[in-house]
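Have the structure open as you read.

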Amino acid sequence: MVKATRKSAVGEAHSKLILMGEHAVVYDHPAIAIPFDTLTVETRVRPTIGKVRFASNFYTGELEDMPEKMYGLAKCIYAVCAKLNQPLEHFYIELNSLIPIGRGLGSSAAIAVSLVRGLYNFFGADLNHEVLMELVDLAEKYAHGTPSGIDREATSQDYPIFFRRNELTEQVKIARPLHIVVADTGRIGDTHASVSSVKDRYETNYSETKARLARIGSLTVQARQAMETGELIELGEQLDQAHVELKALGVSDPGLDHYVEASKAAGALGAKLTGGGRGGCMFALSDSFEQARLIENALKDAGASQTWYCQIVDEVMSYEG
Ligand code: PMV
């Protein structure tokens, strides 16, 4: 006889924005990311009788029939049950994500973070950060090959982070509010493919590629300092320079470059692509809400499929649509 004693439980996570350091972070350089909690994901786990079922925008059905593309999430579910010594039956998972996929906003990591949190809440178990990262890595490895790990950190932390592979993640303090406008090209970027293309370049054009990645690394260190001292003009210039390097590494595209130029023409202090690139999103930095609004309008006029505004202040985040 099955006992339906468990209560429904929820797990949440938010999207993320890499401010600086994408791609270079794969080669052990640092990167800075911020939580972007305008876009969130929620996983609800309910008790039921029988096989584990899964419902989402991408797939609804039994866990055992999960499509190959989502198999990383299935791996996470199996691993949680094995770790907590729970039977793989009698629950129903409902996933609701507002994060567009393939836009460099950390959708796959955020989904996995919310899923693991939801399952741990459902089973009434405590979840520490290390275990969360280990479990989310199963899904991320499946989705991205060899991810640096920045997405899982950034989608699970509530403050801006300075991240370096295999080192302790640090919080970045913000001396002056950053007004950020994000624009979506509406085109799906393939992070796996763009990371592989940088790898090919690293092998065929070693010294130039190595130097460009190192340059992004040192710009990231400078950007952290600028954020902590409130030197937003310098920060803007550093963002511009990072975009130039990413472009030279072949991970930008004409659409992203067009939005970078449009936002600069509208008075942005700096602008660059964010995440894997080749589609996906870019963002622009401004030092005031009013200027950010002008930039947002310019990006819409330039053809951006969606835009978001966010203000980043020390520890507390506030966002407007
Ligand atoms: O998943 P995305 O598109 O946000 O890109 C992650 C950042 C990369 O540096 C391109 C890859 C990685 O694993 O760090």
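## Helix α3

α3 covers residues 129-144, which makes 16 residues; helices here are DSSP runs of H or I with at least four residues, numbered from the N terminus. From first C-alpha to last, α3 reaches 21 Å, close to the 22 Å expected at 1.5 Å a residue (the expected span is 1.5 Å times one less than the number of residues). There is a bend of about 30° at Asp 137, taken as the angle between axes fitted to the seven residues ending there and the seven starting there. Bear in mind that this is a predicted model, where local features need pLDDT of at least 70, side-chain atom pairs count only at pLDDT 80 or more, and totals for chains, interfaces and linings use all residues. Residues are numbered from 1 along each chain as its sequence is written, and side-chain values use heavy atoms, leaving out hydrogens and water.

Now for the two ends. At the start of α3, Asn 128 puts a side-chain oxygen within 3.2 Å of the backbone nitrogen of Glu 130. Just after the helix, Gly 145 has a positive phi of about 85°.

Buried means under 20% relative accessible area, with over 50% called exposed and partly exposed in between (1.4 Å probe, protein chains only).

## The ligand site

Which residues come nearest the ligand? Out of 16 around it, they're Lys 16, His 23, Ser 148, Asp 151 and Thr 191 (a residue counts if one of its heavy atoms lies within 4 Å).

An N or O atom in the Lys 16 side chain is 2.5 Å from a ligand oxygen atom. Asp 151 has a polar side-chain atom 2.8 Å from an oxygen atom of the ligand, while His 23 uses a polar backbone atom, at 2.9 Å from a ligand oxygen. Taken alone the ligand exposes 380 Å², and the protein buries 95% of that (Shrake-Rupley areas, 1.4 Å probe).

## Asp 253 in its loop

Asp 253 sits in the loop between α7 (232-248) and α8 (254-265). Asp 253 counts as buried because its relative accessibility is 12%.

Leaving aside residues up to four places away in sequence, Asp 253 touches Arg 187, Arg 278 and Gly 279. The Asp 253 side chain also reaches the backbone nitrogen of Gly 279 at 3.0 Å.

How values were computed: Helix = DSSP H or I, 4+ residues; strand = E, 2+ residues; numbered from the N terminus. Polar contact = N/O pair within 3.5 Å; in protein donor to acceptor, adjacent residues only side chain to side chain. Contact = heavy atoms within 4.5 Å.
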